[in-house]
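Student: I have a structure on screen. How do I start reading it?

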Amino acid sequence: EARIPGSPASLVEWQPMGQPGRDFVTTGPDAAAISAFTGRPALDPIRVYVGRANADTPQERADLALAELKRLGAFERKVLLVVSPTGTGWMDPGSHDPVEYMHDGDIATVAVQYSYMQSPFALVFETRTGLDQATATVATIHAYWRTLPPETRPQLYIHGLSLGAWSSMYAT
């Protein structure tokens with residue numbers, strides 16, 4: 001399906017996205033599930049994930065994430081959530097599914113993987129990778145977001161999980 005990163009229409013290749021990314025973009029509620037739960041019309045939430053293997057540098061991965069967000073119309077949504085995942089790249093459904101219900105699917109969430117290691121190991125052995133990736137991702141998306149008319153651009157939020165919480169705080 002063209003709306004899924006990693007599809008043939010996507011700028012993000014499927015295999016290098018890695019299992020955490022593939023899981024993130026193919027799970028979660030769709031418009032029908034959200035509408036059935038809330039009783040209101042809903043949109044399919046946009047989920048973008050760029051794996052560490054999708055590009056060589058933090059900036060290249062951030063640029064790819066921005067390009068995929070643009071392709072999917074993410075900046076036309078009510079809410080844009082930029083996430084720094086755990087060290088392995090895992091995205092907690094309990095952090096994302098509820099907010100998609102809360103906003104009737106009118107939301108885009110983007111994450112970029114910075115390591116293959118669990119957070120405690122990534123903190124010790126790859127301390128800069130999470131910081132560099134979060135900084136590149138937030139700066140790149142925020143710079144584009146600032147060019148949009150304030151009255152029509154989405155609300156922008158930054159979120160981090162585990163070590164990603166620390167790196168996302170560093171990036172802001």
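Tutor: Start with one contact. The side chains of Arg47 and Asp97 meet in a salt bridge, 2.6 Å from N to O. This pair links distant parts of the chain: Arg47 sits in strand 1 and Asp97 in helix 4, 50 residues apart. Keep in mind that this is a predicted model.

Student: What lets two side chains pair like that?

Tutor: Side chains of opposite charge can pair when their charged atoms come close. Here, Arg47 and Asp97 also join Glu100 in a network of salt bridges.

Student: Are Arg47 and Asp97 buried or exposed?

Tutor: Both are buried.

Student: How many salt bridges does the structure hold?

Tutor: Five. One of them joins Glu68 and Arg71, with the closest N and O atoms 2.9 Å apart. Both residues lie in helix 3, three residues apart, about one turn of the helix. Glu68 is buried, at 0% relative accessible area, whereas Arg71 is partly exposed, at 29%.

Student: Now the sheet. How do strands pair?

Tutor: Strands of a sheet pair through backbone hydrogen bonds, either parallel or antiparallel. This open sheet has four strands in the order 1-3-2-4, with parallel pairing.

Student: Which strands stand at the edges?

Tutor: Strand 1 (46–50) and strand 4 (155–160). Each has a single partner strand, so one side of each is left without a neighbour in the sheet.

Student: What lies across the sheet strands?

Tutor: Helix 4 (residues 93–102) lies across strands 1, 2, 3 and 4, running at about 160° to strand 3. Helix 3 (residues 58–72) lies across strands 1, 2 and 3.

Methods
Residues are numbered from 1 along each chain as its sequence is written. This is a predicted model: local features need pLDDT of at least 70, side-chain atom pairs count only at pLDDT 80 or more; totals for chains, interfaces and linings use all residues. Side-chain values use heavy atoms; hydrogens and water are left out. Two strands pair if DSSP finds at least two bridges between them. Helices (H or I, at least four residues) and strands (E, at least two) are DSSP runs, numbered from the N terminus. Contact means heavy atoms within 4.5 Å. Axes are lines fitted to C-alpha atoms, for helices over the stretch in contact, and angles run from 0 to 180 degrees between N-to-C directions. A salt bridge is a side-chain nitrogen of Lys or Arg within 4 Å of a carboxyl oxygen of Asp or Glu. Buried means under 20% relative accessible area, exposed over 50%, partly exposed in between (1.4 Å probe, protein chains only).
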